[in-house]
Amino acid sequence: MKMNANMEIKKKLGKKVLNTRKQCNLTQEAFANDIGMSLCYYRKIEQGKVNISVYSLERIANGFGMEPHKLLEFDDID
């Protein structure tokens, strides 16, 4: 059960990051470069394949000009 919940939150966070980036009309490469993150690692975040640190969450949120907690609001994610 715990494993499924962990996978679920990573997928939801990845989808939230992906949707937010697309709303900003940014490519993965441009956004990853803007926030100083490797493209490979950033792609894995959007795919929900990695557990990210609070620091990485903050870097992504700051790149979007939002508070980090907003990326954890999944009401608009299917």
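Okay, housekeeping before we look around. This is a predicted model, so local features need pLDDT of at least 70 and side-chain atom pairs count only at pLDDT 80 or more, while totals for chains, interfaces and linings use all residues. Numbering runs from 1 along each chain as its sequence is written, and side-chain values use heavy atoms, with hydrogens and water left out.

Let's start with the pocket. By pocket I mean, on a 1 Å grid over the protein atoms alone, an open set of points where a 1.4 Å probe fits, with protein on both sides within 12 Å along at least five of seven lines; lining residues have an atom within 4 Å of a point.

Among the lining residues are Asn6, Ile9, Lys10, Leu13, Val54 and Leu57. By type, we get 7 nonpolar, 3 polar and 1 charged. Nonpolar covers Ala, Val, Leu, Ile, Met, Phe, Trp, Tyr, Cys and Pro; charged is Asp, Glu, Lys and Arg; polar is the others, including Gly.

Now the salt bridges, meaning a side-chain nitrogen of Lys or Arg within 4 Å of a carboxyl oxygen of Asp or Glu. There are 4 in the whole structure, and I'll walk through some of them.

Glu8 pairs with Lys12, with the closest N and O atoms 4.0 Å apart. Both sit in α1, 4 residues apart, about one turn of the helix. For exposure, buried is under 20% relative accessible area, exposed is over 50%, and partly exposed is in between, using a 1.4 Å probe and protein chains only. Glu8 is partly exposed at 42%, and Lys12 is partly exposed too, at 26%.

Next, Asp76 meets Lys16 at 3.2 Å, N to O. That pair links distant parts of the chain, 60 residues apart: Asp76 is in the segment after α4 and Lys16 is in α1. Lys16 is buried, at 10%.

And what does Arg21 meet in a salt bridge? Glu46, at 2.6 Å, N to O. Arg21 is in α1 and Glu46 in α3 (residues 39-46), so this pair ties together parts 25 residues apart in sequence. Arg21 is buried, at 8%, and Glu46 is buried, at 9%.

How values were computed: Helix = DSSP H or I, 4+ residues; strand = E, 2+ residues; numbered from the N terminus.
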